[in-house]
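Student: I would like to go through this model with you. Could we begin with the terms for burial and exposure?
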Amino acid sequence: MGGATRRRRVSAVRLALGLLLVSACSGPALPPTSGPFAERVEERERMVVEQIEARGVRGPAVLAALRRVPRHHFMPESVRPRAYFDRALPIGHGQTISQPFIVASMTEQLGLRPDSRVLEIGTGSGYQAAVLAEIVAEVYTIEIVEPLAERASATLARLGYPNVRVRAGDGYRGWPEAAPFDAIVVTAAPERIPQTLVDQLAPGGRMVIPVGGRGDQDLLRLVREGDTVREETLYDVLFVPMTGEIQEP
Ligand code: SAH
């Protein structure tokens with residue numbers, strides 16, 4: 001009887017410690033029970049397991065961000081039923097929201113830390129910006145199609161991402177007032193790497209960018225090391241072209 005009581009007491013202490021540990025570790029990341037972040041949680045879980053983890057993305061912060069951001073809020077009603085499909089989807093103005101795996105993989109390649117400052121060129125729907133904002137302190141994002149910039153900005157504000165700044169304009173010249181950046185992600189494809197953006201990378205900073213013409217694009221990763229920039233080709237991709245100044249002869 002005494003033994004059973006002690007065991008019960010020991011397990012009660014363990015339970016209390018366990019709960020304490022769980023609440024200390026999870027903090028604000030506890031799953032919400034209502035609101036946009038509580039919607040379609042199972043579809044997002046399946047998306048992460050089947051499309052992202054299965055293809056080798058392992059970073060815990062990246063996976064947690066993909067599990068959390070309600071992707072369906074970043075697209076027009078008409079395509080929302082397909083929000084968690086393994087593909088890019090139209091968002092209007094001839095533009096697309098990237099495939100979930102591509103967003104995850106590009107984010108992972110940026111090697112982000114919680115204190116990183118990130119620049120995105122090609123806000124589109126704002127989804128990639130939200131994923132970044134889950135992981136890092138500050139996100140700057142530029143979109144050349146003004147109505148898309150406005151819509152993304154409104155979506156991000158509604159969902160509560162005060163750490164994202166959206167600017168309407170040509171991303172070719174980057175965001176000099178906020179430079180340098182620890183990471184730059186370009187989500188539209190230029191035919192050559194814009195040197196203006198390379199110049200805004202901090203020492204050790206990384207840029208992930210699709211480069212090439214239609215049907216012939218490679219995803220590149222650049223790492224700034226002192227005065228040199230190391231360049232690696234990751235894999236083939238298909239992005240909309242980067243427009244604006246980069247297309248001028
Ligand atoms: N990251 C987006 C997907 C973007 S699609 C998302 O998560 O939804 C690429 C976007 O880049 C398009 O919206 C396109 O209008 C934009 N774009 C193309 N050229 C650009 C430029 N020079 N500067 C800024 N945005 C550009």
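Tutor: A residue counts as buried under 20% relative accessible area, as exposed over 50%, and as partly exposed in between. Please also keep in mind that this is a predicted model.

Student: Then let us apply that. Is glutamate 50 buried or exposed?
Tutor: Glutamate 50 has a relative accessibility of 52%, so it counts as exposed. Its place is in helix α2.

Student: How far is glutamate 50 from aspartate 86?
Tutor: Their C-alpha atoms are separated by 9.2 Å. Along the chain the two residues are 36 apart.

Student: And the chain overall? How many helices and strands does it have?
Tutor: The protein chain has 7 helices and 9 strands. Of its 249 residues, 45% are buried. The chain exposes about 12700 Å², and carbon and sulfur atoms supply 55% of that area.

Student: What share of the contacts joins residues at least 24 apart?
Tutor: The share is 54%, counted among contacts between residues at least 6 apart in sequence.

Student: Let us turn to the ligand. Which residues come nearest to it?
Tutor: There are 26 residues around the ligand, and those that come nearest are Ser125, Glu143, Asp170, Gly171 and Thr243.

Student: What does glutamate 143 do there, in terms of polar atoms?
Tutor: A polar atom of the glutamate 143 side chain lies 2.6 Å from an oxygen atom of the ligand. For aspartate 170, a polar side-chain atom is 2.8 Å from a nitrogen atom of the ligand. Isoleucine 144 uses its backbone: one of its polar backbone atoms is 3.2 Å from a ligand nitrogen atom.

Student: How much of the ligand does the protein bury?
Tutor: The protein buries 99% of the 580 Å² that the ligand exposes when taken alone.

Student: Which elements give two or more residues to that shell?
Tutor: They are β2 (95–97), β3 (117–121), α5 (127–135) and β4 (138–143). The largest share, 3 residues, comes from β2.

Student: And how do the shell residues divide into nonpolar, polar and charged?
Tutor: The shell has 11 nonpolar, 12 polar and 3 charged residues.

Student: You mentioned α5. Why is it described as largely enclosed?
Tutor: Because 8 of its 9 residues are buried, α5 is largely enclosed by the rest of the structure. The buried residues are Tyr127, Gln128, Ala129, Ala130, Val131, Leu132, Ala133 and Ile135.

Student: Now the largest nonpolar core. Which residues have the most contacts inside it?
Tutor: This core has 48 residues, and those with the most contacts inside it are Ile52, Leu66, Phe74, Leu112, Tyr127 and Tyr161. Several elements each supply at least two of its residues, among them α2 (41–52), α3 (60–68), α6 (146–159) and β6 (181–186). Helix α5 gives the most, with 7 residues.

Student: What does tyrosine 161 touch?
Tutor: Setting aside residues up to four places away in sequence, tyrosine 161 touches Phe37, Val69, Ala130, Ala133, Glu134 and Leu156. There is also a second, separate core of 21 residues, which includes Phe181, Ile184, Leu201 and Leu222.

Student: One last residue. Where is arginine 80 placed?
Tutor: Arginine 80 is in the loop between α3 and β1. A polar atom of its side chain lies 3.0 Å from the backbone oxygen of methionine 75. Leaving aside neighbours within four places in sequence, arginine 80 is in contact with Arg40, His72, His73 and Met75.

Conventions: Residues are numbered from 1 along each chain as its sequence is written. This is a predicted model: local features need pLDDT of at least 70, side-chain atom pairs count only at pLDDT 80 or more; totals for chains, interfaces and linings use all residues. Side-chain values use heavy atoms; hydrogens and water are left out. A residue is near a molecule or strand if one of its heavy atoms lies within 4 Å of it. A polar contact is a pair of N or O atoms within 3.5 Å; within protein, one must be able to donate a hydrogen and the other to accept it, and residues adjacent in sequence count only if both atoms are side-chain atoms. Accessible areas come from the Shrake-Rupley method with a 1.4 Å probe; for residues, only the protein chains shown count as cover. Helices (H or I, at least four residues) and strands (E, at least two) are DSSP runs, numbered from the N terminus. Ala, Val, Leu, Ile, Met, Phe, Trp, Tyr, Cys and Pro count as nonpolar, Asp, Glu, Lys and Arg as charged, and the others, Gly among them, as polar. Buried means under 20% relative accessible area, exposed over 50%, partly exposed in between (1.4 Å probe, protein chains only). Contact means heavy atoms within 4.5 Å. A nonpolar core is a set of buried Ala, Val, Leu, Ile, Met, Phe, Trp, Tyr and Cys residues joined through side-chain atoms within 4.5 Å.
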